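Please consult the sequence and the structure shown here.

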Amino acid sequence: MAVLEILTYPDERLKQEATPVGAIDDEVRTFIADLEETMDAGPGGVGIAAPQVGRFQRIVIVDCSKTRKPVPNHGRLFLINPEITQWDGMVVGREGCMSVPDYTGNVIRAEAVTLKALDLDGNEQEYHCEGFEARAIQHEMDHLDGMLFLDRLVSRRNDLFKRKVYQKK
Amino acid sequence: MSHWYMLTLVGKDRPGIVAHVSAALFDGGCNLGEASMMRLGGNFTIMLMVEYEGNKKGLDDMLEPVADSMGLHRHIDRIDAELHHHLEPDVRITVYGADRAGIVARITGALAEAGLHILDMESSVAGTEQKPIYIMQIEGHAAEGIEALQSALDIVTSDGIEAQLESIETLIG
Ligand SMILES: [Zn+2]
């Protein structure tokens with residue numbers, strides 16, 4: 001087990017596209033354990049993608065179970081070769097990234113996503129995620145395609161899309 | 001030894017001001033830090049952090065030609081500043097209502113007492129001349145928690161002023 005070094009922009013490798021995982025063998029599982037340890041060592045990260053530590057394979061971990069304000073979540077998700085099959089709604093939220101220190105910005109994401117991915121045993125799973133967890137998955141999956149949240153920034157000042165839930169006192 | 005200065009420029013808005021000013025600063029050997037430009041009431045306004053080797057007089061002399069040519073008032077303060085120390089807001093407050101004297105002072109006063117540290121504030125007067133409305137958006141840090149701010153807002157917004165408060169949960173991933 002080891003905490004891996006996190007690449008930070010402007011490291012060009014963060015713009016590289018990752019390739020699908022072939023066999024999920026012990027080597028891959030050992031790497032995923034290291035990736036998990038790296039995520040847990042970071043400051044408050046709710047997810048990590050393999051390219052952030054310089055491994056260009058389609059692997060992400062997401063865990064929204066410990067947010068300040070509890071949100072719907074599936075616990076710790078290990079997603080191998082994830083593919084989003086459906087996007088619903090749009091919402092603006094604030095994001096930062098372990099690979100882009102000291103900056104946060106507003107990004108539009110789908111409010112809910114349905115996705116397929118292999119689990120650690122190589123079995124295909126389907127998940128329906130919404131809100132903060134859906135955002136985390138989209139953020140991490142962007143890393144697999146060499147995209148950063150900086151590529152998706154919207155106006156700092158104006159929410160183009162208001163929250164779906166409008167509460168009147 | 002270089003120092004940070006806060007440069008403020010105000011004048012009638014026209015295209016190209018940022019480009020001309022930043023070119024003059026670059027040619028004069030300055031580094032730019034954080035900046036915020038806004039158009040307020042048809043006026044161009046900008047505040048920007050400038051790192052410069054010389055003294056205030058030197059910076060002022062450097063800026064005089066470009067500021068005069070673009071009709072800009074300028075103001076320079078030497079500041080203590082550092083980059084890479086952003087504070088993250090954890091709450092966003094939107095307030096709107098019929099424009100009335102004292103609305104900003106009343107609301108921000110109550111929020112300050114309830115522990116709000118404002119990091120970013122923007123307000124506008126919209127509507128018509130006959131029926132102006134005031135809209136304010138604030139992002140800040142709730143030092144005493146969001147519930148304290150909500151309670152404060154509930155008290156000051158009782159008469160025709162609408163306020164919404166939402167927490168900002170920043171995703172780090
Ligand atoms: Zn990231």
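Q: What makes a residue a neighbour of B:I135, and which residues does B:I135 touch?
A: Contact means heavy atoms within 4.5 Å. Leaving aside residues up to four places away in sequence, B:I135 touches B:V95, B:Y96, B:E122, B:S123, B:S124 and B:A126. This is a predicted model, in which local features need pLDDT of at least 70, side-chain atom pairs count only at pLDDT 80 or more, and totals for chains, interfaces and linings use all residues. Residues are numbered from 1 along each chain as its sequence is written, chains are lettered from A and ligands numbered from 1 in the order in which they are written, and side-chain values use heavy atoms, without hydrogens and water.

Q: Why is B:I135 called partly exposed?
A: Buried means under 20% relative accessible area and exposed over 50%, with partly exposed in between (1.4 Å probe, protein chains only). The relative accessible area of B:I135 is 30%, so B:I135 is partly exposed.

Q: Where in chain B does B:I135 lie?
A: B:I135 belongs to strand β7 (residues 132–142) of chain B; strands (E, at least two residues) and helices (H or I, at least four) are DSSP runs, numbered from the N terminus.

Q: How do you know that β2 and β3 of chain A pair?
A: Two strands pair if DSSP finds at least two bridges between them. Strand β2 (residues 59–63) and strand β3 (residues 76–88) of chain A are joined over 5 bridges, in the antiparallel sense. In this region, A:V62 stands opposite A:L77 in β3(A).
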